[in-house]
Amino acid sequence: MREKLENLKLFIAEHKAYFNENIKPDVNFSWEDDSWHPDAEQKGVFSGRNSGHLEFKSIKKLKKGIYLDGDKQIDLDHEVNGEYRDFMKSLIVLLIKLSNQKISLSALNRDALLLKRIYIRMLINGEQMPKVQTISNEIISQAML
């Protein structure tokens, strides 16, 4: 488990550095912000006026299709923990990097929603404070049903 945590820290540090070096100069938000909004002055993926935004802190708006038969409903009015938020941001930055910054904000939002569904699935399965290291194939499969 210690190795997984160290790998997670390295993954986040690498993509945070990439964000700060390659994305931050063109946008009006920082890594620490809980939501990344595009505006007309920004360049790349985050250029535009009202083409949506990426939200990393909240899960309460997700309500449809998250429960499987027999699942007990849970209160979704709580925040995503900081480690998982950094993981989400890192994956989004990785997708931007892999696409050579030629990916739409709506595609990134779709991927962020999937990551939130995985987080919710861990909550439904009984984890009080979901951790990235506990994501399993089963949880991903359940989140995608």
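Q: How do the axes of α3 and α4 lie, in angle and distance?
A: In this predicted model, the α3 and α4 axes cross at roughly 115° and come within 9 Å. Axes are lines fitted to C-alpha atoms (for helices, over the stretch in contact), and angles run from 0 to 180 degrees between N-to-C directions. The helices are DSSP runs (H or I, at least four residues; strands are E, at least two), numbered from the N terminus.

Q: What should I know about the numbering and the confidence limits?
A: Residues are numbered from 1 along each chain as its sequence is written, and side-chain values use heavy atoms, with hydrogens and water left out. Local features need pLDDT of at least 70 and side-chain atom pairs count only at pLDDT 80 or more, while totals for chains, interfaces and linings use all residues.

Q: Why are α3 and α4 called roughly perpendicular?
A: The label goes by angle: under 35 degrees is roughly parallel, over 145 roughly antiparallel, 65 to 115 roughly perpendicular, and the rest oblique. The α3/α4 angle is roughly 115°, so the pair counts as roughly perpendicular.

Q: What makes the contact between α3 and α4?
A: Leu114, Arg117, Ile118, Arg121 and Met122 come from α3, and Ile139, Ile140, Gln142, Ala143 and Met144 from α4. Contact here means heavy atoms within 4.5 Å. By class that's 7 nonpolar, 1 polar and 2 charged residues; Ala, Val, Leu, Ile, Met, Phe, Trp, Tyr, Cys and Pro count as nonpolar, Asp, Glu, Lys and Arg as charged, and the others, Gly among them, as polar.

Q: What makes α2 and α3 roughly antiparallel?
A: Their packing angle is about 150°, with the axes 10 Å apart, so the pair gets the roughly antiparallel label. On the α2 side the contact includes Tyr84, Phe87 and Met88, and on the α3 side Leu108, Asp111 and Ala112 are among the residues. This contact has 13 nonpolar, no polar and 2 charged residues.

Q: And why is α1 called oblique to α2?
A: Helix α1 (residues 2-23) packs on helix α2 (residues 82-98) at about 55°, the axes being 9 Å apart. That angle makes α1 oblique to α2. Among the residues in contact are Phe11, Tyr18 and Phe19 of α1, plus Phe87, Leu91 and Leu94 of α2. The classes come out at 12 nonpolar, 2 polar and 4 charged.

Q: How many cavities of 30 Å³ or more are there, and what makes a space a cavity?
A: There are 2. On a 1 Å grid over the protein atoms alone, a cavity is a set of points where a 1.4 Å probe fits but cannot get out, while a pocket is an open set with protein on both sides within 12 Å along at least five of seven lines; lining residues have an atom within 4 Å of a point. A volume is the space filled by probe spheres set on the points, which are joined across faces, edges and corners.

Q: What lines these spaces?
A: The largest cavity, about 40 Å³, has Asn22, Ile23, Phe46 and Ile96 among its lining residues. The second largest cavity, about 30 Å³, is lined by Ile66, Arg117, Ile120, Arg121, Ile124, Gln142 and Ala143. Its largest share, 4 residues, comes from α3.

Q: What about the largest pocket?
A: It holds about 190 Å³ of space. Its lining includes His53, Glu55, Lys60 and Asn109, and divides into 3 nonpolar, 4 polar and 4 charged residues.
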